[in-house]
Amino acid sequence: MNDVVHKQMVQDALAKKFGSHECLLCKYEAQYPQQAEREFQRVTNAYIRLLNELLKKYLSEIRDAARLEREGTRHDDTSDLVVKVKAVFDQMAGELERSTSGFGLYDKITAMAKLTRKLSIKEWKRAVKATLGIDLLDDYYTGELYRELMRKWVEDNVGLIKTIPQESLGRMREIVLEGYMNGETTTSIVKKIQKAYSTDRRHAQLLARDQIAKLNGQITQKQQEDAGVDEYIWSDSGDGRVRPGHKRLNGKRFRWNDPPVVDEKTGRRCHPGEDYECRCVALPVFNRHTVDLPMAGKVVVDMKLMT
């Protein structure tokens, strides 16, 4: 079948689907890529645990130095303790650099990007099939159209995550030094270190959720605009975590060139997935005059529509 005939088949199929309607609302409730978020959180948890292993290994040295200082078994001043603490943390920083370098963060983040793209494509195909009766093939959405978007997202996220353990280690060093200089107990200092670690671990987990949502939103927008979809229906996740500003937008229709206001106090505008930790999705509104699905072997028409 040549491209001209194939394209005409698609147009005939779409004409039957639209009938007398100018627009068709999506008949499939697209899902947020929870699987990609969970996998990304596993990666960030494993990366942050590298720091936790170092803390377990080296904290005993700091405790011992402080104990000797306070028991008076040493005859110098606390500057020796400061030197010891700094030396230990410098050693930890070097070991952390080696362990994170061997972690393969770039490859793991790239895998997360590919998984998100795969899940987004799956949802898009289901939306097109349910609404227009057309099966899209995957190959169109794995090429140059998304290459730059994916590359930038991977590099940005590697940069964001890579800095967390080193910055956390620096804060922990300050906790130890200030704590001992201010006469805090070792137990109190260790608790502060553990709290700092827990805080950074949660930060990494939230970062994973936020970044997967953003990538999913970017891919969704590119898919829809490439197919001639100018409008979408905002769809929230329907649970207790949906913020009021997003719940207010649920079920309403917006244009890709005019993002809605998500925060009435600040006037901030966002599409689904762009706001911090936003798990909302955009359901396409297909317009018979603008819809332009990829042709030339990129679509397979449901032949039942032709009869």
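The model is predicted, so local features need pLDDT of at least 70 and side-chain atom pairs count only at pLDDT 80 or more, while totals for chains, interfaces and linings use all residues. Residues are numbered from 1 along each chain as its sequence is written, and side-chain values use heavy atoms, with hydrogens and water left out.

I begin with the sheet. Four strands form an open sheet in the order β1-β7-β3-β4, with antiparallel pairing. Strands here are DSSP runs of E of at least two residues, and helices are runs of H or I of at least four residues, both numbered from the N terminus. Two strands pair if DSSP finds at least two bridges between them. The edge strands are β1 and β4 (253–255), each of which pairs on one side only. From one strand to the next, the twist averages 35°; angles run from 0 to 180 degrees between N-to-C directions, and axes are lines fitted to C-alpha atoms, for helices over the stretch in contact.

Let me turn to the pairings of β7. Strand β1 (residues 23–25) runs antiparallel to β7 and is joined to it by three bridges; Leu 25 has Val 285 as its bridge partner in β7. Five bridges, again in the antiparallel sense, pair strand β3 (residues 231–235) with β7, and there Ile 233 has Leu 283 as its partner.

Why is strand β7 described as largely enclosed by the rest of the structure? Six of the seven residues of β7 (residues 281–287) are buried, where buried means under 20% relative accessible area, exposed over 50%, and partly exposed in between, with a 1.4 Å probe and protein chains only.

Helix α6 lies across β3 and β7 and runs at about 5° to β7.

These helices also meet each other. The axes of α4 (residues 105–132) and α6 (residues 186–226) come within 10 Å and cross at roughly 45°. That makes α4 oblique to α6, given that angles under 35 degrees count as roughly parallel, over 145 as roughly antiparallel, 65 to 115 as roughly perpendicular and the rest as oblique. Among the residues making the contact are Ala 113, Ile 121 and Trp 124 of α4, and Ile 212, Leu 215 and Ile 219 of α6.

Ile 175 belongs to helix α5 (residues 144–181) and is partly exposed, with a relative accessible area of 21%. Ile 175 and Ile 189 are 14 residues apart in sequence, yet their C-alpha atoms are 6.9 Å apart in space. Not counting residues up to four places away in sequence, Ile 175 touches Ile 189, Lys 192, Ile 193 and Ala 196.

Finally, the cysteines. How many disulfides does a search of the whole structure find? The search finds zero, a disulfide being a pair of cysteine sulfur atoms within 2.5 Å. For Cys 270, the nearest cysteine sulfur is that of Cys 278, 7.7 Å away. Cys 270 is buried, with a relative accessible area of 6%, and Cys 26 is buried at 16%.

Technical notes: Contact means heavy atoms within 4.5 Å.
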